[in-house]
Amino acid sequence: MSTASSRRTHTTTQRKNPSMCQHQPACPTAHSADREAARLMAHHPEQGWSLLCNGVLLFEDTGELLPDGQIIAPHRPLTAGQVAQAA
């Protein structure tokens, strides 16, 4: 067996993270509509982000980064001033 062949590693394009959630009942998955209801694992308000136990990075501007790399654009609710201007 050559040295080069014994050092080969298998790579994948998709991360496979086991769920961090050990709660009963389990928190919503990262792809659930209510994913933001998962419990906090890490909270860094000084940096503007929080890590939820379903692997979602939740940002201060309400944007999200899912464990598979999918980006969810910020989705802040409209304020009363914005609603009045739109009407």
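This is a predicted model: local features need pLDDT of at least 70, side-chain atom pairs count only at pLDDT 80 or more; totals for chains, interfaces and linings use all residues.
In general, the strands of a sheet pair through backbone hydrogen bonds, in either a parallel or an antiparallel manner.

Strand β1 comprises residues 40-44 and strand β2 residues 49-52; their antiparallel pairing extends over 4 bridges. Within this pair, Leu40 has Leu52 of β2 as its bridge partner, and His43 lies opposite Ser50 of β2. The two strands form a hairpin in which 4 residues separate β1 from β2. Gly48, located in the turn of that hairpin, has a positive phi of about 85°.

On its other pairing, β2 is joined to strand β3, residues 57-59, in the antiparallel sense over 3 bridges. Ser50 has Leu58 as its bridge partner in β3. A hairpin is again formed, with 4 residues between β2 and β3, and its turn contains Gly55, whose phi is positive at about 90°. Strand β3 pairs in turn with strand β4, residues 64-65, through 2 bridges in the antiparallel sense. In this pair, Leu57 is placed opposite Leu65 of β4.

The side chains of a regular strand alternate between the two faces of the sheet. In β2, Ser50 and Leu52 form the covered face, whereas Trp49 and Leu51 form the uncovered one. Leu52 also belongs to the largest nonpolar core.

When residues up to four places away in sequence are not counted, Cys21 touches Ala26, Cys27 and Cys53. With a disulfide taken as a pair of cysteine sulfur atoms within 2.5 Å, the count comes to 0 disulfides. Cys27 is in no disulfide, the nearest cysteine sulfur being that of Cys53, 3.4 Å away. Likewise, Cys53 is in no disulfide, and its nearest cysteine sulfur is that of Cys27, at 3.4 Å. Cys27 is buried, with a relative accessible area of 15%. Cys53 is also buried, with a relative accessible area of 0%.

The loop between β3 and β4 contains Thr62. The phi of Thr62 is near 75°, a positive value in a residue other than glycine. Most residues other than glycine have a negative phi. Thr62 has a relative accessible area of 21% and is therefore classed as partly exposed.

How values were computed: Residues are numbered from 1 along each chain as its sequence is written. Side-chain values use heavy atoms; hydrogens and water are left out. Two strands pair if DSSP finds at least two bridges between them. Buried means under 20% relative accessible area, exposed over 50%, partly exposed in between (1.4 Å probe, protein chains only). A nonpolar core is a set of buried Ala, Val, Leu, Ile, Met, Phe, Trp, Tyr and Cys residues joined through side-chain atoms within 4.5 Å. Contact means heavy atoms within 4.5 Å.
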